[in-house]
Structure formats: structure tokens, C-alpha cells
Amino acid sequence: MTHGRANILLLAAGAIWGLGFVAQSSAMDSVEPFMFIALRFLLAALTVMPLAIREAKAAPKKLSRFDYFGFTFIGLLLFAGAALQQIGMQTTSVTNAGFLTGLYVIMVPFLAVVLFWQWPHPVVWPCALTAVAGIYLLSGGRLEGLTAGDWLIVACAVFWALQIIFINRLAANNGRPIMLSLVQFAVCAVLGFIVTLGTERTELFSIIAAAPEILFAGVISSGIAFTLQAVGQRFTTAPQAAIMLSSEALFAALFGALIMGERMSLQGAIGCALIFIAMITVELIPALRSRTEVRP
């Protein structure tokens, strides 16, 4: 597969995830957050299971216990991020959720320093300040203007960043991305059902009412889009992948306006633009510098 086709797959994944924010938001009119998470990731696991089985048969060696432990730990991080995001979307807009979730691109290098003392490219620091300025404008010039849902989405981005870091640490070298997806989806589904049984009450008719959103989020937004990401990232660079995937924020804003009629002020739009510029710059500048350095 060429770099161009791989990037198209990643852009498609970003578009699907952007539309997924709309599905997640509208589903909250019928079902509770953890029931949505449980059903979504159950469908996602069933979607990728045939691919994971095929991948296992073609693999040169079996996975170790440590591999499965790592996959499970990554699944816990995914569940924490998904839970915070789903709860947060009850009190924030699709547009805000898309851009604030994208902060994980900025958080990855910060957390790498904190956890593993891996110092990032210097451009990370001005990009971080730009992202903070964007959040400030998005809140209307008052941090207290951010809703509780907005802050939960920011916390969600922390766990997305941790998931990315530990995928590189625990799962990047075993060559089993589809099995990773299956295990982390299964972990999220099981934990979602456990929390649902203990804290929520969901009627069957509510699930039926939210069935289109659940099907989209489970089969397409999770199962298919994560698979597109796993395939696309094998044939392109990490910075290019991050840029393509970060387009989900723009697609979330676009679909939020087209489908849900969301509108924002000029100040909020400038804030979103600053966040997106920071997300793109933090990946693009180091990549361009590396390409220049390797030229003879």
C-alpha cells in the first residue's frame, strides 16, 4: 500500500470518528453512558473477531502472557477514556468534545517526559501554550465557562494519550494490532456491563431507541475505524498518521453543525482553530526537521 492510500484510510477513520461524536451525543437521549459503552464495545469486539482470528492463524508465533497483560492494561486505559468522554458528552457540545479530545496529541509528549523522561522536540512547548490559549477562548474567555463535561473530555484526552504511549511500549513490536483491538474492546465491554449492573437502570425499549447510534459507534466508529487506523499506520509515518487522525475534530464540528445544528461564537471558533493548529504543528514540525536532517 502506498503512503497516499494509507493516509486516505486514516483520513476516513478521522471522518468516521468525527461522525461518531454525533452518534455518542444523540444516544445519551435514550441510554445511560455505561450501557452505551458496553454495547458499543461488544459490537466492536464481534466486528474485529474474525480479523483477529485470521491474524492469529497467519502469525509466525503465539502471543505471550505478557502480551495479553499489556493488551488488557491498554484496554483499561481505553475504558477510562471512553467512560470520561461518554459522561462528559452529556453536558458539552459535539464540537467542543471533538477539539478537546484532540488534546491527546499535545499530552503524549508531556506524559512521555513525566513517565519515561523522554524529552520531546522543543516545538511541543509553544504548541502546548497555543492549545491552552485555544481552550481559554473556547470557554468564552473564562475557564469557569467550561462545563463539567468539557473538563471530563480534557481528562479523557489524558487517558487517550496514555493509551497511545503504552501501545508503543507494550504492543508495538508483536505484530498483532487486530488482536490488541479485540482484547481492549472486550475489556471495555465487560467493564461497561459490570458498572451498568451496579449503577444504571436501562430498559429494553431505550436500547432499541438508541440502536442506530449504538450500531454506528460499535461496528463502524469502533470496529471498522480502529481497523482502518491499524492498517493505515503500517504504511505511513507516525506524524502523518497523527495529522490525518486529528481531522476528527474538524469533522466533529462539521457534522455537529450539519446534523445537530450546533453553532459557536467567533471567539470559540478561533479557540478551536488554535487547538487544531497546535495539534498539527506538534507533529508536522519534528517530521519536517527529521526529513531535512537525513538528506545528504
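This is a predicted model: local features need pLDDT of at least 70, side-chain atom pairs count only at pLDDT 80 or more; totals for chains, interfaces and linings use all residues.
Residues are numbered from 1 along each chain as its sequence is written, and side-chain values use heavy atoms, with hydrogens and water left out.

The protein has 13 helices and 0 strands (DSSP runs numbered from the N terminus, with H or I of at least four residues for helices and E of at least two for strands). Of its 296 residues, 51% are buried, meaning under 20% relative accessible area with a 1.4 Å probe, protein chains only. Take the contacts (heavy atoms within 4.5 Å) between residues at least 6 apart in sequence: 91% of them link residues at least 24 apart.

Glu-200 sits in the loop between helix 8 (177-199) and helix 9 (204-209). Its relative accessibility is 16%, so Glu-200 counts as buried. Leaving aside residues up to four places away in sequence, Glu-200 touches Glu-32, Pro-33, Phe-34, Met-35 and Val-195. A polar atom of the Glu-200 side chain lies 2.9 Å from the backbone nitrogen of Phe-34.

Helix 4 (residues 94-101) packs against helix 7 (residues 148-170) at about 30 degrees, the axes being 8 Å apart; axes are lines fitted to C-alpha atoms over the stretch in contact, and angles run from 0 to 180 degrees between N-to-C directions.

How values were computed
Buried means under 20% relative accessible area, exposed over 50%, partly exposed in between (1.4 Å probe, protein chains only). A polar contact is a pair of N or O atoms within 3.5 Å; within protein, one must be able to donate a hydrogen and the other to accept it, and residues adjacent in sequence count only if both atoms are side-chain atoms.
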